[in-house]
Amino acid sequence: MRPLAGIRVIELANFIAGPLAGTLLADMGADVINRNKRSLALDLKQPQAIEIVLKLAASSDVLLEAYRPGALEALGLGSADVKAVNPRIVYTSVSGFGQTGPERRRAGVNLIIEAFSGALSVTGEPGKMPMRPGLQTADVFGALFATYATLASLLGVARQGEGRIADVSLVEASIAAAAWEAAEYLETGRVPQPLGNRHRLNAPYQLFETADGRYLAIGTPNDQLFGRLMQVLGLAAHVGDARLA
């Protein structure tokens with residue numbers, strides 16, 4: 001039996017972050033309504049549809065939503081409305097800029113989040129235009145944090161009997177993912193810069209072009225692996241060189 005078997009999730013979401021979080025919960029065994037396992041088409045501008053969602057919420061464990069902040073409250077499906085029919089429900093909101101603050105109503109598509117959070121400022125070659133990542137990083141980070149918050153909240157319900165409200169911001173998720181860059185800035189005060197294929201601390205830890213026009217990834221994040229690489233290259237005599245420490 002999968003770990004979330006018996007957990008019911010109502011998903012009100014589109015784009016990537018919300019639906020991917022719902023997919024991850026479903027992969028763990030949750031019964032997700034509106035994407036991945038079971039679907040229900042509702043026009044949320046109709047009072048009858050709101051009644052149906054609240055009736056579902058009364059017997060559900062999680063409501064996962066990715067509407068623009070304030071939109072569901074206006075429809076009568078905000079966290080307070082849903083908790084009024086089910087105090088134990090976990091209410092997870094995913095948005096670009098969070099539920100509070102001056103940017104809360106801004107549209108938060110992936111590229112804008114990557115720019116706003118600073119992720120683009122360290123991506124690409126030094127001195128050139130920042131490079132958009134090939135993956136939807138902001139959306140995926142947001143989905144992972146939303147899943148993490150939902151799982152933690154479900155554990156809280158099991159232990160404390162109270163459902164939590166989780167406010168997941170794609171911007172904050174992207175900033176949290178910048179572990180190396182944040183540590184460098186907090187330790188040195190230097191603003192991290194793009195390094196292309198290179199690493200902030202380790203070398204070699206990058207791509208190299210081969211003679212036949214292909215690319216080779218070599219990563220040696222510790223002294224032992226660096227020593228082994230130097231042996232393979234016939235350069236073992238240089239392992240003790242202080243310049244390579």
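Residues are numbered from 1 along each chain as its sequence is written, and side-chain values use heavy atoms, with hydrogens and water left out. Because the model is predicted, local features need pLDDT of at least 70 and side-chain atom pairs count only at pLDDT 80 or more, while totals for chains, interfaces and linings use all residues.

**The sheet**

Helices (H or I, at least four residues) and strands (E, at least two) are DSSP runs numbered from the N terminus, and two strands pair if DSSP finds at least two bridges between them. Five strands form an open sheet in the order E2-E1-E3-E4-E5, with parallel pairing. Its edge strands are E2 (31-33) and E5, each of which pairs on one side only. Neighbouring strands are turned by 20° against each other on average, direction ignored; axes here are lines fitted to C-alpha atoms, for helices over the stretch in contact, and angles run from 0 to 180 degrees between N-to-C directions.

Helix H1 (residues 17-27) touches E1 (8-12), E2, E3 and E4, and its direction makes about 165° with that of E1. Helix H7 (residues 170-177) touches E4 and E5, and its direction makes about 70° with that of E5.

**Strand E4**

Strand E4 (residues 90-95) is mostly covered, with 6 of its 6 residues buried, buried being under 20% relative accessible area, exposed over 50% and partly exposed in between (1.4 Å probe, protein chains only). Val90, Thr92 and Val94 point one way from E4, whereas Tyr91, Ser93 and Ser95 point the other way, and all are buried. Strand E3 (residues 62-65) pairs with E4 in the parallel sense over 4 bridges, and Leu63 has Tyr91 of E4 as its bridge partner. E4 is also joined by 5 bridges to the parallel strand E5 (residues 165-169), in which Asp167 is the bridge partner of Ser93.

**Val85**

Val85 lies in helix H4 (residues 79-85) and is partly exposed, with a relative accessible area of 38%. Leaving aside neighbours within four places in sequence, Val85 is in contact with Leu54, Ala57 and Ala58. The C-alpha atoms of Val85 and Trp180, 95 residues apart along the chain, are separated by 44 Å.

**Pockets**

On a 1 Å grid over the protein atoms alone, a pocket is an open set of points with protein on both sides within 12 Å along at least five of seven lines, and lining residues have an atom within 4 Å of a point. Grid points are joined across faces, edges and corners, and a volume is the space filled by probe spheres set on the points. In the classes below, Ala, Val, Leu, Ile, Met, Phe, Trp, Tyr, Cys and Pro count as nonpolar, Asp, Glu, Lys and Arg as charged, and the others, Gly among them, as polar.

| Pocket | Volume | Lining by class |
|---|---|---|
| Largest pocket | about 720 Å³ | 15 nonpolar, 9 polar and 3 charged residues |
| Second largest pocket | about 420 Å³ | 12 nonpolar, 6 polar and 4 charged residues |

Of the 27 residues that line the largest pocket, Ala119, Val122, Ala178, Glu181 and Arg200 are the closest to its centre. Helices H6 (137-160), H7 and H8 (179-188) and strand E6 (205-209) are the elements that give two or more residues to this lining, and the largest share, 5 residues, comes from H8. The second largest pocket is lined by 22 residues, of which Asn14, Phe15, Ala66, Gly108 and Val109 lie nearest its centre, and H1 and E4 each supply at least two residues of its lining.

Key: Contact means heavy atoms within 4.5 Å. On a 1 Å grid over the protein atoms alone, a cavity is a set of points where a 1.4 Å probe fits but cannot get out, and a pocket is an open set with protein on both sides within 12 Å along at least five of seven lines; lining residues have an atom within 4 Å of a point.
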